[in-house]
Amino acid sequence: ADDQVRSNTMSDETRQLCDYAAAIRFDDLPPEVVRRAKDCIIDTIAAMIQGGNLPWSRMVVEYVGATGRQGHSTVFGHSALRVDAAAAALANGASAHAFEMDCLTYPSAGTHPGANLVPTGLAVAQEAGVSGADLITAVVAGCEVINRVGHATGTVQPAFHAPGILGPIGGATTSAHLLKLDAASLQNAIGIGASFG
């Protein structure tokens, strides 16, 4: 019986978080939140460009160039390379976190929201043809979810790297928001993302 109560509580908390994240709208964001989201996006693009020149990132970019489908999403620092959203998110995500110059949060939730949200968000936004305001809103929604989950999970064991565990949850949130999924579909996307963490 205790397990059932715990299970219902957890699903209620997840549902509430998804209801909240799915309802975030650009017009409701305070100006300082919009400014911070823009700073995070700009900072992450700079980290992607810098990181994309490192040998380990170049290996991922070369892999994406060889295996990714042609698409509308840019691999930053390699503007001639336009691939599908999943391939661009992989290359840009690897580049963004290549030298751990991407943004953090304070107090720390064990996440690097820039590297986890921006590469995915930019790739999906370009593929879907959505606006900059939509991208900003999706990044904010992703930050809200990834940082709340990060704070709720506490300190991750030293053998694990929290962005690799929590990042798919934030990336799924950002993508789902850009694709205008409802709260129930967002919850499914987060569940799938969590299974990859």
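Axes are lines fitted to C-alpha atoms, for helices over the stretch in contact, and angles between N-to-C directions run from 0 to 180 degrees. The structure is a predicted model, in which local features need pLDDT of at least 70 and side-chain atom pairs count only at pLDDT 80 or more, whereas totals for chains, interfaces and linings use all residues. Residues are numbered from 1 along each chain as its sequence is written, and side-chain values use heavy atoms, with hydrogens and water left out.

Helices (H or I, at least four residues) and strands (E, at least two) are DSSP runs numbered from the N terminus. The axes of α2 and α6 come within 10 Å and cross at roughly 90 degrees. The contact of α2 with α6 comprises eight nonpolar residues, no polar residue and one charged residue. Here Ala, Val, Leu, Ile, Met, Phe, Trp, Tyr, Cys and Pro count as nonpolar, Asp, Glu, Lys and Arg as charged, and the others, Gly among them, as polar.

Helix α2 (residues 31-51) also packs against helix α4 (residues 85-96), with axes that come within 7 Å and cross at roughly 90 degrees. Thr44, Ala47, Met48 and Gly51 of α2 make this contact with Asn92, Ser95 and Ala96 of α4. By class, three nonpolar, four polar and no charged residues take part in the contact of α2 with α4.

Helix α6 (residues 132-153) has 22 residues and should span 32 Å at 1.5 Å a residue, which agrees with the 31 Å between its end C-alpha atoms; the expected span is 1.5 Å times one less than the number of residues. Gly154 follows α6 and has a positive phi near 75 degrees.

Strands β1 (residues 70-75) and β2 (residues 78-83) run antiparallel and are joined by four bridges; strands pair if DSSP finds at least two bridges between them. Val75 has His78 of β2 as its bridge partner, and Thr74 stands opposite Arg82 in β2. The hairpin of β1 and β2 has two residues between the strands, and Gly77 there takes a positive phi near 85 degrees.

Key
Contact = heavy atoms within 4.5 Å.
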